[in-house]
Amino acid sequence: MFRYLRGAALVLASLAATPLWGATALQCVPYARIVSGVNIRGDALTWWDQAESRYARGHVPRRGAVMAFRPYGPMVLGHVAVVSKVLDDRRVLIRHANWSVPGAIEEDVLALDVSEAGDWSQVRVWHSPTGQMGARTNPTFGFIYPDKAQLRAFEADPALGTSVRFAKVDADMGKLSKAAVKVDGEEAPARLASLGRSLRKAAREPKLEVDMRAVQFADAMPSGRSLRDIIADVKRDARLR
């Protein structure tokens, strides 16, 4: 666990060292709306109810569908992600923003159905900075299906907030593509590119075990914390260990 906290601290510190985030960071809602074509606005937690009379909804993943997350823990406004590929009944690849790191875009990363009923009501999601499945189990509403299933390209737009694009992970989570980490559509500095190399190494053996210390650490973080505060807490925790 120590090496992951230390790694997370280094990742966050390297990101904070660049003028990556201004007053706002890219949020999950505009990203999901553009990529999926599901034209819903407002906080992610409202998407499921808003979709009731406008789009088909269900509990079976489909390419192009929006996975709507329920508010949970520090994720007080919910979350939305777009299914990019269905691997099997329990595994899909998703594209989303503002999950692992504020403003980060993660493309074609793994999400697992861990619900007892196999209805995608509980999921775990890939965490790019540490190269493993996230420790938290996240509740979802289900899937919102667009009128026409189509994955649309997302181009960085300063009007939507600053962003960092992590390299893509392939279908079997075995390696990352040659797409370097990019900031607002441009090649990132060398220290961010080195993150891509670290992710390639970590992704070869994704770790699925749950570390309860990581869950407790995440649960203890208020949702309104700044990136600077999070970095300080991770570094302090690492020193104590």
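Through how many residues does a hairpin join β3 to β4? The hairpin passes through two residues. Before selecting it, please note that the model is a predicted one.

**The whole chain**

Display the protein chain as a cartoon. Six helices and 11 strands make up its secondary structure. The chain has 241 residues, and 49% of them count as buried. Now show the surface: the accessible area of the protein chain is about 11700 Å², and carbon and sulfur atoms account for 51% of it. Among contacts between residues at least 6 apart in sequence, 58% join residues at least 24 apart.

**Strands β2, β3 and β4**

Select β3, residues 79–88, together with β4, residues 91–97. These two strands run antiparallel and are joined by five bridges.

**The largest nonpolar core**

In soluble globular proteins, nonpolar side chains tend to be buried together. To find such a group here, select Tyr31, Val38, Trp47, Val80 and Ile144, the residues with the most contacts inside the largest nonpolar core, which has 23 residues. The largest share, five residues, comes from α2.

Keep valine 80 selected and display its surroundings. Leaving aside residues up to four places away in sequence, valine 80 touches Cys28, Val29, Ala32, Ala44, Trp47, Val66, Met67, Ala68, Phe69 and His96. Apart from this core lies another one, of 20 residues, among them Met75, Val83, Val92 and Met133.

**Aromatic pairs**

A pair of aromatic rings is described by the distance of the centres and the angle of the planes. The structure holds four aromatic pairs, and two of them are visited here.

Select tryptophan 48 and phenylalanine 141. Their ring centres are 6.1 Å apart and their planes meet at 10°; planes under 30 degrees apart count as stacked, so this pair is stacked. It links distant parts of the chain, with tryptophan 48 in helix α3 and phenylalanine 141 in strand β8, 93 residues apart. Is tryptophan 48 buried or exposed? Tryptophan 48 is buried, because its relative accessible area is 11% and the cut-off for buried is under 20%. Phenylalanine 141 also counts as buried, at 14% relative accessibility.

Move on to phenylalanine 69 and tryptophan 99. This aromatic pair is tilted, with 5.3 Å from centre to centre and 50° between the planes. Phenylalanine 69 belongs to strand β2, whereas tryptophan 99 lies in the loop between β4 and β5, 30 residues apart. Phenylalanine 69 has 0% relative accessibility and counts as buried, whereas tryptophan 99, at 22%, is partly exposed.

**Charges over rings**

The charged end of arginine 57 sits over the ring of tryptophan 48, 4.5 Å from its centre. Then select arginine 62 and tyrosine 145: the charged end of arginine 62 sits over the tyrosine 145 ring, 4.0 Å from its centre.

**The partners of strand β6**

Finally, select β6, residues 122–127. β6 pairs with β5 in the antiparallel sense over three bridges, and aspartate 113 stands opposite valine 123 in β6. Two bridges join β6 to β8, and these strands run antiparallel. Glutamine 122 has proline 139, in β8, as its bridge partner.

Two bridges also join β6 to β7 (residues 132–133), again antiparallel; there histidine 127 stands opposite glutamine 132 in β7. Which residue takes a positive phi in the hairpin of β6 and β7? The residue is glycine 131, with a phi near 65°, in a hairpin that has four residues between the strands.

Technical notes
Residues are numbered from 1 along each chain as its sequence is written. This is a predicted model: local features need pLDDT of at least 70, side-chain atom pairs count only at pLDDT 80 or more; totals for chains, interfaces and linings use all residues. Side-chain values use heavy atoms; hydrogens and water are left out. Buried means under 20% relative accessible area, exposed over 50%, partly exposed in between (1.4 Å probe, protein chains only). Contact means heavy atoms within 4.5 Å. Accessible areas come from the Shrake-Rupley method with a 1.4 Å probe; for residues, only the protein chains shown count as cover. A nonpolar core is a set of buried Ala, Val, Leu, Ile, Met, Phe, Trp, Tyr and Cys residues joined through side-chain atoms within 4.5 Å. Rings of Phe, Tyr and Trp (its six-membered ring) pair if their centres lie within 6.5 Å; planes under 30 degrees apart count as stacked, over 60 as edge-to-face and the rest as tilted. A charge sits over a ring if NZ of Lys or CZ of Arg is within 6 Å of the ring centre and within 35 degrees of the ring normal. Two strands pair if DSSP finds at least two bridges between them.
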